[in-house]
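I am new to it and would like a plain account.

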Amino acid sequence: MSGRRGRGANTGGANPPPPAPARGGRGGRGGRGGAAGIRGPHSALTDFLAANNISAQEIRDSYQQRVQQAEREAAEAAANGEGPSNDVEEDLQAESSAMAAERSKKKRKRDQDEAIAKIKKGREAKKKASKKKKGSDDDSDFDDVLDMVKKAPPIPGQLKYCEICEKRFTVTPYSKAGPEGGLLCAPCGKDMAKDLKAEAKAKKPVVRKGRRKLESNRLDGMLQRGPKTLQQLCIETLAKHSEDIDELGEMPEGIMKRISEIFSKKRAMNSTTMKLFLQPDMDTVAIHEAAYLETEDYDQIFAVCPTVKKVSLRNCCQFKDSNIDYMIEKGKHLRDIQLLGANLVANDKWIELFIARGQDLRSLKVEWLDAAFDDQAVEALSTFCPNLERLKIERCKRLGVDSIDAIARMEHLQHLTLRFYCEIPHERLIHLITSVGANLRTLCLEHFLDAEDEPNDDVLDAIHNTCTKLRKFRFTENNECSDEGYVRLFTDWSNPPLYYADVNSTRDLDNTNPDGPDEAVGLTSAGFSALMAHSGARLEFLDISSCRHISHQTFVDIFDGAKQYPHLAEINVSFCPVVDTQIVAGIFRSCPSIRKVVTFGCFQVEDVRVPRGIVLIGAPRAGDQLEQFGEGEVVEREGMGGVGGRVVPVMG
Amino acid sequence: MNQPTDFVTLVSNDGYEFKILRLAACIAGTIKKALDPMSGFRENTQNRVDLPTINGVVLEKVCEYLYYNQKHAASKDVSDMDIPPELCLELLIAADYLDDMISAISPILGSMPGQTATDTARASTSTTLNKKEDYVTSTPS
């Protein structure tokens, strides 16, 4: 708006040329405008020049100035005693200075152009220049020029031609400079500003991009600092182009495994890509996400790899009776079988499988079976597969107490993981523990409750008395056993220290009484102290989430910085409400090899400085602090090897 | 005996030579071991590492990665380096060979005079492979 108004005023000719001091000579033809706006007659030329924003007065003034300067210089030269002999030179000098003045306008513009070009160049040079050169003369020169140009605002009120559209316009203080250094009219200036903004937006590094990925990786307990390894980069690229791979060729097994994992994670494991991982002489086939595979694909596994010893298929929804038949026929070397969610296999087929594999079967893992696999199948398993060493049965709907008794007859069991839907009476469970417990190295009992009996600690006592070889112990989701029971279990236990202890969610579940009964239920302060006293020296993994009644003082005492738990790598203290910043800091100090601390629902954890190499997840109040890596020493990034044979989440 | 130089030469199986900063080269475990003065491999005195399982194209990418790794070693959010999909598999094998293979070798194995580190690496690779019978050995002779 202002520009337009200015232009209108100008074309109306109301702007008088600046009043010049009358300096004798030819007197004021239109020179004396004055405040009254009265002026003398104009020549046509003056009018024309005025219309073109050229002031006759200005021309006159500059001429006079030149003449005066020439005179002055001549006088100076004479005073210096150089005599009239170098008249010619003087003239030349005068002339050149006059010319210089004349060209000053043009030159100013050119200078500006040059300066801008220089700045542009300078910016580029700066980008390229290494930090060492910072502060050199060049740079400071450029800076000066930059300042100079920035500080000089356009002189308002003059008429100029727009550099882009070449329309005439009045310069205002808001006029923008064009790309060539000239000025721009208001519309062009606006466009230019818009473009600049867009450019700046495009140039700005997108900070938020990948943030979600970062968080996701953090939740998986993976730290990413510095560049990824070349292997990692390659594997990720491979996963991106999973459809285009014809053949993987001969790969080391470890890499093959990682590729398979990442394919599973990205849901890229289908009929086509699965075949990449089948090689005739493999002895392990592990497909962690087999949901996209069809019935025929499972046959492929045993057709291509008849010597396979270990097969692990998760979410194998399309695994049917016919596949079991084919597996029985072809897989004569099978020793380890893991089938998750194979709900299309009938009960009888399971039994057939157990009969066929018989003595050879070493390990069986089944989960998420609800249509078939009942007590009879487990009965058959214990009858025909006496050499079973590893058994994992979780979330199988049709299993009941009879299965527990059947499992109790498996003498060679070393690893036992059970999670039943139905309630198991204490005495059956105790019978199981006393029967097989002595040889067990892994015992995982999740959600074993018995509403019939009075809550008691007999199960824990049975474990204390029977199991002496446990390395991994999980006893979770139990609101019956008392703290006293845990104390008795861990005190003077002839079992060597555990490396894996998971007692999460052992607490009272009465919503109306959140503080719990007076007599502590579940693992609380004393039990936790006993656990750490027993296993702290070897413990690598500890999960005490939702053990809500452990006191603050206990945590402080256990993680006081002086007591050290040299092997503890991962700890989960989620939903232990007393855990605060001090305790988390204590964990960092007390556990030199800690890599992952999980603190979901610990609202008192704030502003933690997380040392390098440790990932802290879950803390709801810590906010951006999580991103911060502390001062600690640079920890060598270790290979992301799994702890205790668990499937480690893969990056990507 | 040569002084350790700032630059070392990596030679691909098709004869391409890449002269790269020693510091960058030593990011790769295999090369680091090969150039380690304590291990007494021939590479150390020649400042030159023959990589008979890696061809020129892949080795170029490897060198690019080594510099990329060196440049970004301390920074946090590093943008991933571009990997051409067609090179991916070869590069993966090369990465595996360069990064991990030699770290499995005991130092005693390494000090046989005259033998090169990469020989040893190959020897060890094939023994582990034979033992495991995982797949047919792929080391070219």
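**Strands, helices and charged pairs**

In this predicted model, strand E4 (residues 310-313) of chain A pairs with strand E5 (residues 336-340) of chain A in the parallel sense, over four bridges. Within that pairing, A:Ser312 has A:Gln338 in E5(A) as its bridge partner. The two strands belong to a right-handed β-α-β unit, made by E4(A), helix H12 (residues 321-330) of chain A and E5(A).

On to the next strand. E5(A) also pairs in the parallel sense with strand E6 (residues 363-369) of chain A, over five bridges. Here A:Ile337 has A:Leu364 in E6(A) as its bridge partner. Between E5(A) and E6(A) the chain passes through helix H13 (residues 347-357) of chain A, and this β-α-β crossover is right-handed. How many of the five residues of strand E5(A) are buried? Four of them are, so E5(A) is largely enclosed by the rest of the structure.

Next comes helix H14 (residues 375-384) of chain A. Its buried residues are A:Asp375, A:Ala377, A:Val378, A:Ala380, A:Leu381 and A:Ser382. An α-helix has 3.6 residues a turn, so residues three or four places apart point the same way. The cover over the buried residues of H14(A) includes H13, E6, strand E7 (390-396) and helix H15 (401-407) of chain A.

Side chains of opposite charge can pair when their charged atoms come close. A:Glu389 forms a salt bridge with A:Arg362, with the closest N and O atoms 3.9 Å apart. A:Glu389 lies in the loop between H14 and E7 of chain A, and A:Arg362 in the loop between H13 and E6 of chain A, so the pair ties together parts that are 27 residues apart in sequence. A:Glu389 is partly exposed at 31% relative accessibility, and A:Arg362 is partly exposed at 25%. A:Glu367 forms a salt bridge with A:Lys392, the closest N and O atoms being 3.7 Å apart. This pair links distant parts of the chain, since A:Glu367 is in strand E6 and A:Lys392 in strand E7 of chain A, 25 residues apart. A:Glu367 is buried, with a relative accessible area of 9%, whereas A:Lys392 is partly exposed at 23%.

Is A:Arg474 buried or exposed? Its relative accessible area is 15%, so A:Arg474 counts as buried. Leaving aside neighbours within four places in sequence, A:Arg474 is in contact with residues including A:Leu443, A:Glu446 and A:Asp502. A:Arg474 and A:Leu443 are 31 residues apart in sequence, and their C-alpha atoms are 6.3 Å apart. A network of salt bridges links A:Arg419, A:Glu446, A:Arg474, A:Glu477 and A:Asp502.

Another salt bridge joins the side chains of A:Lys596 and A:Glu570, at 3.9 Å from N to O. A:Lys596 lies in strand E14 and A:Glu570 in strand E13 (residues 570-572) of chain A, so the pair ties together parts that are 26 residues apart in sequence. Both A:Lys596 and A:Glu570 are buried. In the loop between strand E14 (596-598) and strand E15 (615-617) of chain A is A:Phe600. A:Phe600 is partly exposed at 33% relative accessible area, and A:Leu219, A:Phe575 and A:Phe600 make a nonpolar surface patch of about 280 Å².

Last, the chain as a whole. Chain A has 21 helices and 15 strands, and 42% of its 652 residues are buried.

Key
Residues numbered from 1 in each chain as written. Chains lettered and ligands numbered in written order. Predicted model: local features only at pLDDT ≥ 70, side-chain atom pairs only at ≥ 80, totals over all residues. Heavy atoms only, no water. Buried < 20%, exposed > 50% of the residue type's maximum accessible area, 1.4 Å probe, protein only. Pairing = 2+ DSSP bridges. Right-handed = clockwise from strand over helix to strand, strands pointing away. Contact = heavy atoms within 4.5 Å. Patch = residues over 30% accessible without salt bridge, like charges linked within 9 Å, V, L, I, M, F, W, Y side chains within 5 Å. Areas by Shrake-Rupley, 256 points an atom, 1.4 Å probe, with all protein chains shown as cover. Salt bridge = Lys/Arg side-chain N within 4 Å of Asp/Glu carboxyl O.
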